[in-house]
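Visitor: I would like to go through this structure step by step. Please show it first.

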Amino acid sequence: MIQGQTPLFNGLRKHAQKNPIQFHIPGHKKGKGMDPEFRWFMGKNALSIDLINIEPLDDLHQPKGIIKQAQELAAEAFGADHTIFSVQGTSGVIMTMIMAVCNPGDKIIVPRNVHKSIMSGIVLSGATPIFLHPEIDPVFGISHGITPQAVEKALEQHPDAKAVLVINPTYFGIAGDLKSIVQIAHARGVPVLVDEAHGSHVHFHPKLPLSAMQAGADMAASSMHKLGGSLTQSSLLNIQGNLVSIQRVQAIYSMLTTTSTSYLLLASLDVARKRLVTSGKALLDQTIQLANEARAQINKINYLYCIGREIIGTNGAFAHDPTKLVISVKDLGITGYEAEKWLRDRYNIEVELSDLYNIVCIITPSDTKEDLQILVYALEELAAGAGDQGNRKIRPKMQLPKMPVLAVTPRDAFYAPTEMIPVEQSVGRIIAEFVMVYPPGIPIFIPGEIISEENLIYTKKNIEAGLPVQGFEDPTLQTIRVIKE
């Protein structure tokens with residue numbers, strides 16, 4: 001196949017050039033029926049291809065034409081047997097993966113540091129999660145990957161598990177030994193599902209961690225919009241091997257996906273794939289170099305530390321994505337959230353993520369040397385100001401949420417008779433809602449777990465630090481939903 005082609009984008013553009021009279025949705029009809037100010041801002045070209053699944057443009061739910069061709073090109077690009085385009089983000093295809101292999105009551109092995117969409121998929125499927133402790137980094141206070149040894153032990157204890165789910169790489173750019181995990185699972189006939197939300201680019205450069213398809217995984221949800229260059233909310237589901245039924249995957253995906261699919265999002269996937277295949281290596285060469293130069297400069301700043309290749313071989317870190325700048329600010333005596341706010345207010349810099357101890361900046365081919373130099377200057381000023389004011393504190397003790405006891409399946413808890421009670425009276429009760437810090441979306445509690453005092457304290461600490469604790473139905477965070485006794 002010719003990877004320089006973009007059949008979906010070209011087909012949309014040719015259709016728009018014909019300028020047909022549209023008696024179909026969307027109702028704005030090339031922007032003519034839209035607010036003039038918004039129409040001018042968006043531009044006529046974009047609005048002309050905001051179309052619907054009429055016959056010449058194919059149908060994502062049963063592709064036979066230009067969408068099918070574009071998906072086949074993507075499959076070849078990623079080394080997959082099949083690729084499905086998603087306009088429901090990576091969350092939609094993660095839920096599809098889980099529901100495709102798990103029925104109610106089935107077990108699925110997952111790391112605890114999972115995105116909330118994985119837990120949503122477990123609730124929808126009715127599966128029972130078998131959680132594995134991820135390896136903890138004592139310096140940065142973050143979770144890394146799960147080890148092959150942990151997966152092998154879990155499969156020995158739960159030989160009836162229907163799947164293993166792995167994050168590759170993590171939100172912080174750390175990857176485990178995915179290839180070994182796949183070999184261990186496949187030896188038992190168990191498929192491996194990969195949350196590759198932060199790894200859509202890794203397939204296209206040898207200095208980056210192995211991609212899910214390169215490691216032999218069965219399915220991978222890849223966020224092209226995060227690091228692959230497509231529009232927000234567009235993603236891919238890559239599938240290979242014979243342990244998963246593509247027909248079942250397609251059927252479940254169709255159940256979860258809107259029938260009013262965005263052709264703007266689909267076209268952006270088509271062109272992003274082309275760019276990754278034809279120019280990705282060169283673009284990522286430059287990106288990695290810029291990131292490493294910035295990392296070296298940041299590590300010369302007093303009281304700051306940015307993760308580098310030295311992390312490999314420790315705490316479940318088998319490989320490292322250098323395009324993620326994970327910067328510890330804890331020795332400044334401030335939280336990552338405070339550093340994020342300072343960078344925003346002082347330098348108009350927006351970071352990807354902050355937590356109690358770190359900020360994360362993602363570097364892509366879109367960044368320039370000038371962009372990174374401004375970031376370094378800003379961090380130098382931040383560090384100097386904190387040092388001048390004597391604000392540095394003793395290094396805090398790293399705390400991460402402990403894994404509560406799962407008393408009932410997440411699905412049973414989610415649909416059980418429930419009541420709202422004061423948070424301070426909830427210890428020992430079974431929670432019926434999610435509590436997580438998002439981003440990155442790692443759960444503190446999931447439905448079905450027994451509420452512990454320790455995790456309530458951890459939740460409160462995150463709230464007090466200004467971090468985005470989500471999931472509580474009560475926006476005041478004074479009450480919590482639990483199963484009725």
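Visitor: How many of the 13 residues of helix H5 are buried?

Guide: The model is predicted. A residue counts as buried when its relative accessible area is under 20%. In helix H5, residues 89–101, those that are buried include Gly89, Val93 and Val101. The helix is largely enclosed by the rest of the structure, because the number of its residues that are buried is 12 of the 13.

Visitor: Is Phe41 buried or exposed?

Guide: Phe41 lies in helix H2, residues 36–42. It forms a nonpolar surface patch together with Phe38, Trp40 and Met42. Exposed means over 50% relative accessible area. Phe41 has 64%, so it counts as exposed.

Visitor: How are H1 and H12 oriented to each other?

Guide: Among the residues of H1 that meet H12 are Pro7 and Leu12, and the H12 side includes Tyr263 and Arg273. The two axes come within 7 Å and cross at roughly 135°. Angles over 145 degrees would count as roughly antiparallel, and 65 to 115 as roughly perpendicular. H1 and H12 are therefore oblique.

Visitor: What separates Lys68 and Glu72 in helix H4?

Guide: Lys68 and Glu72 form a salt bridge, with the closest N and O atoms 2.6 Å apart. An α-helix has 3.6 residues a turn. Lys68 and Glu72 are 4 residues apart in helix H4, so what separates them is about one helical turn.

Visitor: How many residues apart in sequence are the parts that Asp160 and Lys107 tie together?

Guide: The side chains of Asp160 and Lys107 meet in a salt bridge, 3.4 Å from N to O. Asp160 is in the loop between helix H7 and strand E6, and Lys107 is in strand E2, so the parts tied together are apart in sequence by 53 residues.

How values were computed. Residues are numbered from 1 along each chain as its sequence is written. This is a predicted model: local features need pLDDT of at least 70, side-chain atom pairs count only at pLDDT 80 or more; totals for chains, interfaces and linings use all residues. Side-chain values use heavy atoms; hydrogens and water are left out. Patches are made of residues with over 30% relative accessible area and no salt bridge: like charges are joined within 9 Å, nonpolar side chains (Val, Leu, Ile, Met, Phe, Trp, Tyr) within 5 Å. Accessible areas come from the Shrake-Rupley method with a 1.4 Å probe; for residues, only the protein chains shown count as cover. A salt bridge is a side-chain nitrogen of Lys or Arg within 4 Å of a carboxyl oxygen of Asp or Glu. Helices (H or I, at least four residues) and strands (E, at least two) are DSSP runs, numbered from the N terminus. Buried means under 20% relative accessible area, exposed over 50%, partly exposed in between (1.4 Å probe, protein chains only). Axes are lines fitted to C-alpha atoms, for helices over the stretch in contact, and angles run from 0 to 180 degrees between N-to-C directions. Angles under 35 degrees count as roughly parallel, over 145 as roughly antiparallel, 65 to 115 as roughly perpendicular and the rest as oblique. Contact means heavy atoms within 4.5 Å.
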